[in-house]
Amino acid sequence: MQFDNEARVFFSAKSENESFARLFAAGFLTQLDPTISELTDVKTAVSEAVTNAIIHGYENDIGMVELFCGYVGKHIYIEVADTGKGIENVEQAREPLYTSKPEMERSGMGFTIMETFMENVRIESRVGEGTRIFMEKTLAKE
């Protein structure tokens, strides 16, 4: 796909970088003049995806997270990827309240939150190779 503009960044899979990822996505998308609500939606979805990569993909081990932001017109595309352990059962992972980390008091709402705030969420994952989350949203027309 040919994007009007795009940006990609890689960062260490550390919980302190989750806020960086949120700000990176928000900063990139401000050129489209989104509403505060739209920016909050995107930041929340990015935060959930990055947190999943850090906690579930790498289980707080060493690794890198990739964040891609692009747009065509007012249609935005966001990808968050890791090369961690992957998801054994994506459909089960998408179920509200399902968590593979109950001992960490995880809510199991990460994918549900992403799906609530973005129009389209697609997940590709291979066990032992990692996970890539694709999210899309169309910003309000002028």
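# Close-ups of a predicted model

**View A. F20 is partly exposed, at 36% relative accessibility.** Here, buried means under 20% relative accessible area, exposed means over 50%, and partly exposed is what lies in between (1.4 Å probe, protein chains only). A quick word on what you're looking at: this is a predicted model, where local features need pLDDT of at least 70, side-chain atom pairs count only at pLDDT 80 or more, and totals for chains, interfaces and linings use all residues. Residues are numbered from 1 along each chain as its sequence is written, and side-chain values use heavy atoms, with hydrogens and water left out. Back to the rings: the structure has 5 aromatic pairs. F20 is in one of them with F11, and because the ring centres are 5.7 Å apart with the planes at 80 degrees, that pair is edge-to-face. Rings of Phe, Tyr and Trp (its six-membered ring) pair if their centres lie within 6.5 Å; planes under 30 degrees apart count as stacked, over 60 as edge-to-face and the rest as tilted. F11 itself is buried, with 5% relative accessible area.

**View B. F28 and Y71 make a tilted aromatic pair.** F28 sits in helix 1 (residues 18–29) and Y71 in strand 2 (residues 64–72), so the pair links parts of the chain 43 residues apart. Helices (H or I, at least four residues) and strands (E, at least two) are DSSP runs, numbered from the N terminus. F28 and Y71 are both buried.

View C. F3, F68 and Y77 come together as one aromatic cluster. Elsewhere, R122 has its charged end over the ring of F134, 3.9 Å from the ring's centre. A charge sits over a ring if NZ of Lys or CZ of Arg is within 6 Å of the ring centre and within 35 degrees of the ring normal.

**View D. A salt bridge joins D41 and K137.** The count for this model is 8 salt bridges, each being a side-chain nitrogen of Lys or Arg within 4 Å of a carboxyl oxygen of Asp or Glu. In this one, the N to O distance is 3.3 Å. D41 belongs to helix 2 (residues 36–57) and K137 to strand 5 (residues 130–138), so the bridge ties together parts 96 residues apart in sequence. D41 and K137 are both buried.

**View E. E59 and K85 share another salt bridge.** The N to O distance is 3.0 Å. E59 is in the loop between helix 2 and strand 2, while K85 is in the loop between strand 3 (75–82) and helix 3 (90–93), so parts 26 residues apart in sequence are tied together. E59 is partly exposed at 39% relative accessible area, and K85 is partly exposed at 39% too.

**View F. Salt bridges also link R8, E66, E79 and R132 in a network.** R126 and E129 form a bridge as well, their closest N and O atoms 3.8 Å apart. R126 is exposed, at 57% relative accessibility.

**View G. Strand 2 pairs with strand 1 (residues 5–12) and with strand 3.** Two strands pair if DSSP finds at least two bridges between them. Strands 1 and 2 run antiparallel over 8 bridges, with E6 opposite G70. Strands 2 and 3 are antiparallel over 8 bridges too, and V72 has H75 as its bridge partner. These two strands form a hairpin with 2 residues between them, and G73 in the turn has a positive phi of about 60 degrees. Strand 2 is mostly covered, with 7 of its 9 residues buried.
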